[in-house]
Amino acid sequence: MIEAVDLGRKFGELTAVENLNLSIDKGEVLGFLGPNGAGKTTTIRMLSCLIRPTWGQASINGYDIRKDGHEIRKMVGIQTESPGFYERLSVKRNLEFFSQLYTASNLSKKIDTYLGLFDLKDRINSPVKDLSKGMKQKLALTRALLHDPEVLFLDEPTSALDPQAAKKVREFIKEMSISGRTIFLSTHNLAEAELLSDRIAVFNQRVIAIDTPKNLRSQLFIHKTCIRLQYLDDSYRRSLEILDFVHNIEVIDNGYIIEIERPEKHVPAVIDNLVNLGARIQHVSDVEHSLEEVYTTLINEEKEMAS
Amino acid sequence: MLMMTLMPIIMVGAPFLYISIILNVVEVPTISSGFFQRAIDSFVSANPGMSEFQPIQLFQIILFKQGAFFLLMITIMVGMSIATFSVIGEKQNRSLEPLLATPVRTWELLVGKVLAAAVPALVMTWLCSLLYMGGVYAYSADLFPLIVDYTWIIIMLFISPAVALLSLGLGVIISSRSNDPRSAQNWGVFLILPVLFIIVGPILGTFPLNITSLLVIGSVFATLTIVVFYFGVKIFNRDAILTKWR
């Protein structure tokens, strides 16, 4: 659906995006994570044909971003960084205006549906200048959806929203992806990215890593398992230390956190070992590294390499 | 806003003011000599049927007819104040990026911007024209049919829209190339100076005020409008507008 090959953009001497390579399937949600100034907005602008790349190629649904801007803009919905409305016009008039540029059909029904969904129905005749920042953001999402785009570019879609509204928007994004829309989600909210994204791209001028959240964790960190026992004994720890697939043992209140290679194979062996020594196991669980740890590790490694 | 209200009042009132000043200050023999006589001679040669009128009457007819060109100033100035703000204003309001993200083509955007400036400017001009015609009728019902004739209709219905489209096309292009509204408006005023040539042309005797010259002038403006739009579309750089402006 979205393909980018060595896509890059320079502003004068500054390279904002350097050789972006990615492929996003139809119906996939790609979480696009990166620090401020990483080039996320520039990437979205290039892919949605707002600005031209300095080098490289990209296509959306087979349309070339260099040649087929008009076709791409028809099939793409974009929620820009700043909402950008005609402040003195009403909510309804703004939506009607932009929809007419997309020649959207069933307009009034869609406006009603989306404004109802985002709790903006009672503000339909209010001038946009009277809306809060969060309301404008929801309105910008509504605007991006009115022409039923196949691809959605969302730039920080929940950044100004209260928790309840943000939850609603996330649920809605999930529904959109289930209905087959391809979503490019740029966000700083790591929990949101993990919740919504099929894959995550960590980006800082170039893609540092791209994979499912689970695979990113396993690539970066050795698996950890938490084993809670009724009581601890030194012999238990010693028996674990001699196992060659156990890398590290951290003693906690009533158990151990153990770093294990290939957990699906070796966790049962660890448990057998403990049971044979008479240990009374209460609970075994995986210890997951947060996406924040994944992100921070990747960005720090990138910085170290660069320096 | 000042431009939208003050300019029409000045332009409608100016010919009446000039005539009353000249008739009260300048003596009739002065009108029949020098600059004034050249304007009268040029007018009579373009309109031979007017030769029977007295110089003072001819002078009034010329000045009142000139009112049509003063009204063109309303079209230009009111339209320019909207047009020069059209693209840079969207950038400032941050509505330009969502607008450029739509499938709207560059020529559609430019035509839309020009029409959005031209329609209010032309409506304002035509309303002022009605007001002016009322004033002329009240001043002299005898001279009214000589002043509001076919040339008046051509100026209002052909030259005025042609001038509006040309100058506002320039205004929108300037707006799309400027970094702030103030410089856009300064450039706008500078670039419409050639357009003002037609306002003073008949007075200076540069060209006669008759149907042929008016149709030629209108056609030149219409042709220039097409050329301006063509280049406007070519030089409209979405990328630069979104990335270079702050």
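**Aromatic rings in the predicted model**

In chain A, F32(A), F153(A), F184(A) and F203(A) are joined into a cluster by ring pairs. The structure is a predicted model, in which local features need pLDDT of at least 70 and side-chain atom pairs count only at pLDDT 80 or more, while totals for chains, interfaces and linings use all residues; side-chain values use heavy atoms, without hydrogens and water. Residues are numbered from 1 along each chain as its sequence is written, with chains lettered from A and ligands numbered from 1 in the order in which they are written.

Rings of Phe, Tyr and Trp (its six-membered ring) pair if their centres lie within 6.5 Å; planes under 30 degrees apart count as stacked, over 60 as edge-to-face and the rest as tilted. Over all chains there are 14 aromatic pairs. One of them joins Y231(A) and Y236(A), which is tilted because the planes stand at 35°, with the centres 6.5 Å apart. Y231(A) is partly exposed, at 42% relative accessible area, and Y236(A) is buried, at 3%. Buried means under 20% relative accessible area, exposed over 50%, and partly exposed in between (1.4 Å probe, protein chains only).

In chain B, Y132(B) and W152(B) make a stacked pair, with 5.4 Å between centres and 5° between planes. Y132(B) belongs to helix α6 (residues 106-139) and W152(B) to helix α8 (residues 150-177), so the pair ties together parts 20 residues apart in sequence. Helices (H or I, at least four residues) are DSSP runs, numbered from the N terminus. Y132(B) is buried at 0% relative accessible area, and W152(B) is buried at 3%.

Definitions and conventions
Helix = DSSP H or I, 4+ residues; strand = E, 2+ residues; numbered from the N terminus.
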